[in-house]
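Please look through the sequence and the structure below.

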Amino acid sequence: MEKQLLRETVDLSGYPDLVVLYLGMRVNVFQGLATLLGFGTKISEAVKGAPDGLLAHEPIVYSLFPPHVGMRQYWRDFESLERWSRSEPHRLWWQSFLRDPKGTGFWHEAYFRRGGMEAVYVNMPDQSGFRSFAPVCVAKGPMFSSRKRAGLGGDAPPAPVQEQEIYK
């Protein structure tokens with residue numbers, strides 16, 4: 001009996017402002033393993049809370065050595081993602097990480113259905129993602145916020161960490 005091929009696609013017309021977000025955390029030194037493991041529970045709890053605008057969340061293992069895990073998330077629109085990233089608990093996680101990454105590196109890349117992409121890499125030693133082919137620049141000034149990197153207009157909610165706190 002011949003197996004029937006099931007070929008499917010999706011109708012994204014109901015999601016004109018869809019944002020696909022890839023995130024990752026990499027262990028850079030041994031102590032970072034505890035940091036990475038500690039975030040697993042936090043992320044799971046946040047996802048269980050069903051933030052407004054989060055359509056789907058999928059965990060990803062990028063590598064076992066060095067430990068590098070992450071996720072792919074689908075957001076209804078950038079405003080929902082931005083609102084959540086500026087609220088608790090994410091705001092506190094980001095503040096804490098930027099003050100002391102505790103042996104880890106972090107990155108995200110965002111892709112917008114309406115067009116555009118943006119990314120940030122913090123303490124990532126390898127040249128993965130966009131950094132593997134595009135010029136790298138410091139995330140300062142207009143490159144400090146996701147909204148500005150993506151070229152989206154409008155005012156952003158206050159950042160979890162002000163630029164002057166990082167670049168003194």
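**A walk through the model**

Tyrosine 15 lies in the segment before strand S1 (19-27); helices (H or I, at least four residues) and strands (E, at least two) are DSSP runs, numbered from the N terminus. This is a predicted model, in which local features need pLDDT of at least 70 and side-chain atom pairs count only at pLDDT 80 or more, while totals for chains, interfaces and linings use all residues. Residues are numbered from 1 along each chain as its sequence is written, and side-chain values use heavy atoms, with hydrogens and water left out.

With a relative accessible area of 35%, tyrosine 15 is partly exposed; buried means under 20%, exposed over 50%, and partly exposed in between (1.4 Å probe, protein chains only). Together with Val10, Leu12 and Leu55, Tyr15 forms a nonpolar patch on the surface, with about 340 Å² of accessible area. Areas come from the Shrake-Rupley method with a 1.4 Å probe, and for residues only the protein chains shown count as cover. A patch is made of residues with over 30% relative accessible area and no salt bridge, like charges being joined within 9 Å and nonpolar side chains (Val, Leu, Ile, Met, Phe, Trp, Tyr) within 5 Å.

S1 itself is mostly covered, with eight of its nine residues buried. Eight bridges pair S1 with strand S3 (residues 68-75) in the antiparallel sense, and there leucine 23 stands opposite methionine 71. S1 also runs antiparallel to S4, joined by nine bridges, and tyrosine 22 has glutamate 109 of S4 as its bridge partner. Two strands pair if DSSP finds at least two bridges between them.

Helix H3 (residues 90-99) has His90, Trp93, Trp94, Gln95 and Phe97 as its buried residues. Their cover includes S1, helix H1 (32-48), helix H2 (78-85), strand S4 (104-112) and strand S5 (117-122), where contact means heavy atoms within 4.5 Å.

The whole structure holds eleven salt bridges, each a side-chain nitrogen of Lys or Arg within 4 Å of a carboxyl oxygen of Asp or Glu. One of them joins arginine 147 and glutamate 82 at 2.6 Å, N to O. This pair links distant parts of the chain, 65 residues apart: arginine 147 is in helix H4 (residues 146-149) and glutamate 82 in helix H2. Arginine 147 is buried at 7% relative accessibility, and glutamate 82 is buried at 5%. Arginine 76 forms a salt bridge with aspartate 77, their closest N and O atoms being 3.3 Å apart. Asp52, Arg76, Asp77 and Arg83 are linked in a network of salt bridges.
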